[in-house]
Every structure is written in C-alpha cells, then in structure tokens.
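Open the structure in your viewer and keep the selection panel at hand. The stops are given in order.

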Amino acid sequence: MQLEKVGTQPARLEWRRPVGTCSPGRHAEGTVMATFSEHADVVRSIDQTFDYVTDQDLVAEWNDHVQSVNVIGGGQVGVGSKLVQHRRRGDREFDLNFTVIAHEPPHRHIVTGQVFGVDTTMAFTFAEHES
C-alpha cells in the first residue's frame, strides 16, 4: 500500500500476532498465556486501513509469511468466515486455519485458530491516530 495523507488524521492500526513484545497473562480458564503486541501508524483513513487489512486477497502484501488466503465458501469476510492461510517460513510451506470471531468495521477484526498446536487469537483494532 502506498502511504499518503488522506483526510485529516491517519489511522492507527494495532494488531496482536506471535511477534513483538511478550507479556505473560492468565487465560479465562486459568491457564497461562502469552500476549504479543505490535502497532503500526498508517497514513490512510480508518475505513481504508480496515478494508486493506481485512481484504484476504491483500494479506500477503503486508504479512510476509502469508503466500495466499482462501475464504472457504467465498463471499464477504464476516463473523463465522473460515480462512485458510497458505504460509511460508524459510523453505517450509504449510496451511493454517482460522475462524473470524469478530468483524466490526472499521474498528475491530479478530480471528482464532491453532498455530502448530497452540490456540491462537489475532486481534486487530483500528483507531484514529491522536496527534
């Protein structure tokens, strides 16, 4: 995505995925879990940023491990959508399956699945950037 100023405020994109800062926490069931968090400032409107990040045809543009994403059954992504990400790490290729559990344009998008046997939730939150 080419970065350029659109409107008066850039959007702030925050997502959680297994990279970045790690902090231990407690899962609802009392098991220990780690939380990884990153953020990115994007000079686009919040609507454009949300649409870009949640467009499964474009995930490979901003996630260097993802080669492609298939939305099972096609159609618009929404709560309950099943996603298959084809990924590459080094010379290894594999598929990961995710389910969309929240899709609230333009503020929140959450997927859950298993990554190498570990229950994983990736939460993307979008907010106008505060100057």
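Predicted model: local features only at pLDDT ≥ 70, side-chain atom pairs only at ≥ 80, totals over all residues.

Numbering runs from 1 along each chain as its sequence is written, and side-chain values use heavy atoms, with hydrogens and water left out.

**Stop 1: Ala-60**

Select Ala-60. It sits in helix α2, residues 59-62 (helices are DSSP runs of H or I, at least four residues; strands are E, at least two; numbering starts at the N terminus). Ala-60 is partly exposed, because its relative accessibility is 34% (buried is under 20%, exposed over 50%, partly exposed in between, with a 1.4 Å probe and protein chains only).

Now show its contacts (heavy atoms within 4.5 Å). Beyond neighbours within four places in sequence, Ala-60 touches Val-66 and Gln-67. Then pick His-86, 26 residues away along the chain: the C-alpha atoms of Ala-60 and His-86 are 9.5 Å apart.

**Stop 2: the cavity**

A cavity is a set of points on a 1 Å grid over the protein atoms alone where a 1.4 Å probe fits but cannot get out; lining residues have an atom within 4 Å of a point. Points join across faces, edges and corners, and volume is the space filled by probe spheres set on them.

How many cavities of 30 Å³ or more are there? The count is 1. The largest cavity holds about 130 Å³. Select Val-59, Trp-62, Gln-85, Val-111 and Phe-124: of the 14 lining residues, these are the closest to its centre.

Next, colour α1 (46-54), α2, β5 (82-89), β7 (108-115) and β8 (118-128), which each give two or more residues to the lining of the largest cavity. β5 gives the most, with 3 residues.

Conventions:
1 Å grid on protein atoms, 1.4 Å probe; cavity = no way out; pocket = protein on both sides within 12 Å on 5 of 7 lines; lining within 4 Å.
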